Amino acid sequence: MGDVNQSVTSDFVLVGLFSHSGSRQLLFSLVAATFTMGLLGNTILLFVIRTDSRLHTPMYFLLSQLSLFDVGFPLVTIPKMASDFLQGDGSISFGGCAAQIFFLTLMGVAEGILLALMSYDRYVAVCHPLQYPVLMRRQVCLLMVGSSWLAGVLNASVQTSITLHFPYCASRIVDHFFCEVPALLKLSCADTSAYELALSTSGVLILVLPLFLIATSYGHVLGAVILMHSEEARNKAFTTCSSHITVVGLFYGAAVFMYMVPGAYHSPHQDNVVSLFYSLVTPTLNPLIYSLRNREVRMALVKVLSRTGLRPK
């Protein structure tokens with residue numbers, strides 16, 4: 001019991017992303033610039049979807065939820081990391097560590113499920129266009145988004161409570177730039193092997209089941225697109241679906257490395273790089289991928305810019 005109490009009353013110390021780099025100032029500047037671009041890009045995308053009535057469709061409603069997650073991901077980790085770098089202090093309270101684990105797990109699980117549901121939306125749109133208004137009516141979309149949030153909250157609650165229940169009576173130096181479950185478990189002075197096995201098993205289910213739905217959906221979509229007679233319709237379907245597949249690849253590639261590859265096969269430095277990728281780089285790229293490859297989003301953006309007088313002449 002004394003070990004557990006010690007865990008609750010003591011802070012952790014985050015090593016930080018920049019401790020592994022010789023060019024700390026340059027790397028910090030790049031991270032700060034990417035963070036700003038990501039927040040700006042996702043906020044603009046949310047605003048455009050909200051204000052343009054032509055984008056009030058199920059696909060863009062789900063995309064707006066993705067942008068919401070992509071705003072949240074960096075906000076949980078990057079400001080704290082920047083503060084630690086500027087102040088030279090990497091300490092984080094037990095409660096702060098719990099909050100990071102909870103919100104990152106929530107958004108990670110919810111986004112993975114949302115990407116699978118977005119692939120189902122594209123499957124219905126391409127393969128069953130006449131039934132699309134019924135199968136993807138507003139109530140169904142709300143149920144989809146609510147389910148992704150609920151799954152994220154439940155998973156985050158379980159993982160956070162179990163992870164922080166272990167006693168941390170040895171080193172409190174977390175070799176990571178934020179509190180993440182695999183990095184914390186390495187510090188526990190209790191046997192965490194059973195939990196790590198359960199974590200890996202649940203990770204496989206959480207990752208593989210959505211990936212299976214995505215692969216199945218796009219398998220049917222590809223077959224339907226190939227049979228389309230209209231070249232314009234075929235190109236539009238390919239453009240929309242390829243954007244989504246790109247986002248899926250970026251998100252799940254990093255997630256599979258972190259949660260399905262055993263920890264013995266990757267170093268703390270590799271963990272930092274991959275975590276930075278899925279918590280900052282991917283959320284920054286997502287609005288660029290969808291806006292640059294999507295004509296409807298580009299037109300809506302031009303319309304918004306023209307209203308504000310910022311449209312280039």
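I began with Arg54 and Asp52, whose side chains meet in a salt bridge, with N to O at 3.0 Å; by salt bridge I mean a side-chain nitrogen of Lys or Arg within 4 Å of a carboxyl oxygen of Asp or Glu. The model I am reading is a predicted one, where local features need pLDDT of at least 70 and side-chain atom pairs count only at pLDDT 80 or more, while totals for chains, interfaces and linings use all residues. I number residues from 1 along each chain as its sequence is written, and the side-chain values use heavy atoms, with hydrogens and water left out.

Next I looked up how accessible the two partners are, taking buried as under 20% relative accessible area, exposed as over 50%, and partly exposed as in between (1.4 Å probe, protein chains only). Arg54 is partly exposed at 44%, whereas Asp52 is buried at 2%.

Asp84 and Lys80 form one of them, their closest N and O atoms lying 3.0 Å apart. Both belong to helix α3, residues 58–87, and because they are four residues apart there, about one helical turn separates them; a helix here is a DSSP run of H or I, at least four residues, numbered from the N terminus. Asp84 is buried at 11%, while Lys80 is partly exposed at 23%.

My last entry is for Arg122 and Asp121, whose side chains meet in a salt bridge at 2.9 Å, N to O. Arg122 is buried at 13% relative accessibility, and Asp121 is buried at 1%.

Technical notes. Helices (H or I, at least four residues) and strands (E, at least two) are DSSP runs, numbered from the N terminus.
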